[in-house]
Amino acid sequence: MSIPLETVRHIARLANLEFADEELEVFARQLNSILLYIEKLDELETQNVQPTSHVTEMRQAFREDLIAPSLEVSEALANAPESKDGHFAVPKVIG
Amino acid sequence: MRDLLHLTGHELLALIRSRDISAQEAVGVSLDRVEAVDSRVQAFRCVLREEALAQAREIDSAFSRGEDPGPLAGLPVAIKDVICLAGHPATCGSAILRNFVPSFDATVILRLREAGAVLVGKTNMDEFAMGSSTENSAYEKTRNPWNLARVPGGSSGGSAAAVAGDMVPVSLGSDTGGSIRQPAAFCGVPGLKTTYGRVSRFGLVAFASSLDQIGPFGKSVEDLARTLVVIAGHDPKDSTSARIPAPDYPAELQRGMGALRIGIPREYFAEGLDSEIRAAVRSALNRMEEMGASVEDISLPHTDYAIPTYYILATAEASSNLARYDGARYGFRADAAEDLSEMYRRSRSIGFGKEVKRRIMLGTYVLSSGYYDAYYLKAQKVRTLLRTDFVEAFQRVDLIVTPTTPTVAFRFGEKTEDPLEMYLSDIFTATINLVGIPALSLPCGVSSEGLPIGLQIVGPPFGEGRLLSAAASLESNLNFRARYRPKDLDA
């Protein structure tokens, strides 16, 4: 199977990434060769196999819902590229 | 003057504890060595000179007051730059986090400090721990101290090279598909990937959450045991950390080799394995037999399916974990975006490097509508088959021994053009992460070109004690550190 360039462009949009056309072609070629390799899994019959989502079969970890100290607003904003009035500032969302 | 440079971590700790040397001397030797050789190796992203010396002074005064500053008192330790240290950048080898300064310490950092370890710096790595050569770092090009024209392995290449280059006796790395064991093998030092859940990941920047684990590099297996006992154990801040008490790993070393049953999976010795590596591992196995172990052939029949499974699950998880880098709350933001979605797109496209984008794309593809069953679900099912292989094997044997890598350290640029070929350097290590079990790489010889060869010992879940004791026995039998030494730095 070979994924068309248009699908690769669609995936890039889903991933919030943009590429120049020539870059996109290189990616498409590499993704195709990786996917071809991955298709090896089709050799295995897995109809009745349970999927593994957690290797140590642990249960959900619950704790008491207690109030504990957390980051100060100023600390939380310390790495923000832009902040205003105690909030993260970003370009307009709706045009 | 005593040769402090070549001591192991536990030898250094003993001298500090007996007050033959001060913590300040021990840390000074480490910092001076970094200054003398790291311009050539480039293992470090940053060095915390003043802070480390101040911490060492405190340890010395605690000793003077008759207090015990902890089991790692005065030990210089380096930290992979994917682990958060409050007040210092954690770049993860990525341009997108160039200016990111965490406001909190990872749990492993708190535990190391409480034990008296002195943090001397942060080490270079493949961007977001994705790679097998450290060539994917947006910053330095870290070199292998055994041969500066070769890669140190990756993704924890800086942490491995820092120990191999005698800059620190112990460092921390993280391992998602081999990122501790493969550079340990390439750099000729012991390195341990722990059982999933053994060490808290709070403060470890996530790559693939069902696979990532933190673990130590050291100059000796005992160094690994002494570090692990400090960092292991349950942490309420990491819901995946296991509620299983950590045994006294240094004490476990006394168990020796004994009558252990060692399994040799035939699939790991198939064609494509470098003949010198095969011979070195076989010869180490003979030593284990001479020491009382019994060796038998076993089969792990799904081995060939591990790398495809790994690259579906790891990239799917990465595409999801790395969605957080959007230029809004921290990290790089591209200028002059017209609206929010353009800001996301441009910040990510400029901020991420090639391999990271490739993996985000692959991960997004395998998770995208219509493909989930064919890729992600299929891979999770194959993961069950891989686990079953190991469950069955561990009913017959106590430990499994394989080569750590199919080749010795390669040259810069040798595998950067073909991502698939780079992925295959993790062929013996990635399975272990999928199964969630512990494994250790131990240097067992050198190639005809003088490059280290690593042997991997694999244990059952939470079997680190037995793993370390067998490795320590083999280590003293092979005597690698006394026989071989990297020459490129002191020539």
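In strand S9 of chain B, B:Leu399 is the bridge partner of B:Ile262, where helices (H or I, at least four residues) and strands (E, at least two) are DSSP runs numbered from the N terminus. The model is a predicted one, in which local features need pLDDT of at least 70 and side-chain atom pairs count only at pLDDT 80 or more, while totals for chains, interfaces and linings use all residues. Residues are numbered from 1 along each chain as its sequence is written, and chains are lettered from A and ligands numbered from 1 in the order in which they are written.

Strand S7 (residues 261–265) of chain B and S9(B) pair in the parallel sense over two bridges, two strands being paired if DSSP finds at least two bridges between them. S9(B) is also joined by four bridges to strand S11 (residues 452–458) of chain B, and these two run antiparallel; B:Thr402 has B:Gln456 as its bridge partner in S11(B). Strand S9 (residues 399–403) of chain B is mostly covered, with five of its five residues buried; a residue is buried if 20 or more other C-beta atoms lie within 10 Å of its own, exposed if 12 or fewer, and partly exposed in between, with C-beta atoms placed from the backbone. Both faces of S9(B) are covered, by the count of buried residues: B:Leu399, B:Val401 and B:Pro403 on one side, B:Ile400 and B:Thr402 on the other.

The largest nonpolar core has 163 residues, among which B:Val77 and B:Ile457 touch the most other members; such a core is a set of buried Ala, Val, Leu, Ile, Met, Phe, Trp, Tyr and Cys residues joined through C-beta atoms within 7 Å. H10(B) gives the largest share of this core, nine residues.

The axes of H10(B) and H12(B) come within 7 Å and cross at roughly 100 degrees, the axes being lines fitted to C-alpha atoms, for helices over the stretch in contact, with angles from 0 to 180 degrees between N-to-C directions. The two helices, H10(B) and H12(B), are therefore roughly perpendicular to each other, given that angles under 35 degrees count as roughly parallel, over 145 as roughly antiparallel, 65 to 115 as roughly perpendicular and the rest as oblique. Their contact involves, among others, B:Ile312 and B:Thr315 of H10(B) and B:Arg359 and B:Ile360 of H12(B), two residues being in contact if their C-beta atoms, placed from the backbone, lie within 7 Å.

The loop between strand S3 (118–123) and helix H5 (157–164) of chain B holds B:Gly131, which counts as buried because 30 C-beta neighbours lie inside 10 Å. Not counting residues up to four places away in sequence, B:Gly131 touches B:Asp126, B:Asn136, B:Gly154, B:Ser155 and B:Glu355. Of these, B:Gly154 and B:Ser155 are joined by a cis peptide bond, with omega about 10 degrees. B:Ala129, placed in the loop between S3 and H5 of chain B, has a phi near 65 degrees, a positive value in a residue other than glycine. Most residues other than glycine have a negative phi, and most peptide bonds are trans.

Chain B also touches chain A, in a contact that takes 52 residues from chain B and 41 residues from chain A. Helices H10 (306–321) and H12 (354–367) of chain B are among those that each supply at least two residues of the side of chain B that touches chain A, and H13(B) gives the most to that side, with 10 residues.
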